[in-house]
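Here is a short tour of a protein fold, written to be read with the structure open beside you.

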Amino acid sequence: MKIKHFLITLFIAAFANTATAQKSLSSLDSLIYKKRAYNKSIKSGFCIQLYNGNEEMAIDKLAKFQKNFPDIKIFRTYKVPEWKIQTEVYRTRLEADRVLNLIQKKYPGARVL
């Protein structure tokens, strides 16, 4: 009788743990889904900075760069106290380095961020 009671208790405990494990697994899946969605919304990667300094030079460098490299998208942004000219965001460092090799012939101060 004691063994039968013990086995029933053991079976109930095992079943309860399985339900708890499935519940935590589904919450883990939920967290993974949220993390993937967040990663897609944030455009993380590498960009190339061509210039940082005053506004007049930034406008001049932007115009010259667009003439020399019309296929590469660049942006001018202002972060106190200086203007920055940066390329679009590349997903991998390898992509950014390939573009940097093309750019560095005319812009030796360019660097990957």
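The report below goes from the overall layout to the core and then to one helix.

## Ground rules

This is a predicted model, in which local features need pLDDT of at least 70, side-chain atom pairs count only at pLDDT 80 or more, and totals for chains, interfaces and linings use all residues. Residues are numbered from 1 along each chain as its sequence is written, and side-chain values use heavy atoms, leaving out hydrogens and water.

## Overall layout

Of the 113 residues, 22% count as buried (under 20% relative accessible area with a 1.4 Å probe, protein chains only; exposed means over 50%, partly exposed in between).

## The nonpolar core

The largest nonpolar core holds 19 residues, and those with the most contacts inside it are Ile48, Leu50, Phe65, Ile72 and Ile103. Such a core is a set of buried Ala, Val, Leu, Ile, Met, Phe, Trp, Tyr and Cys residues joined through side-chain atoms within 4.5 Å. At least two core residues come from each of β1 (48–53), α2 (55–68), β3 (82–87) and α3 (93–103), with α3 giving the most, four residues.

## A closer look at α3

Buried in α3 are Ala96, Val99, Leu100 and Ile103. They fall within an arc of 105° seen down the helix axis, so they line one face of α3 (the arc is that of the directions from the axis to the C-beta atoms). These buried residues pack against β1, α2, β3 and β4 (111–112), with contact meaning heavy atoms within 4.5 Å. The face turned away from the buried side of α3 carries the exposed residues Leu94, Arg98 and Asn101.
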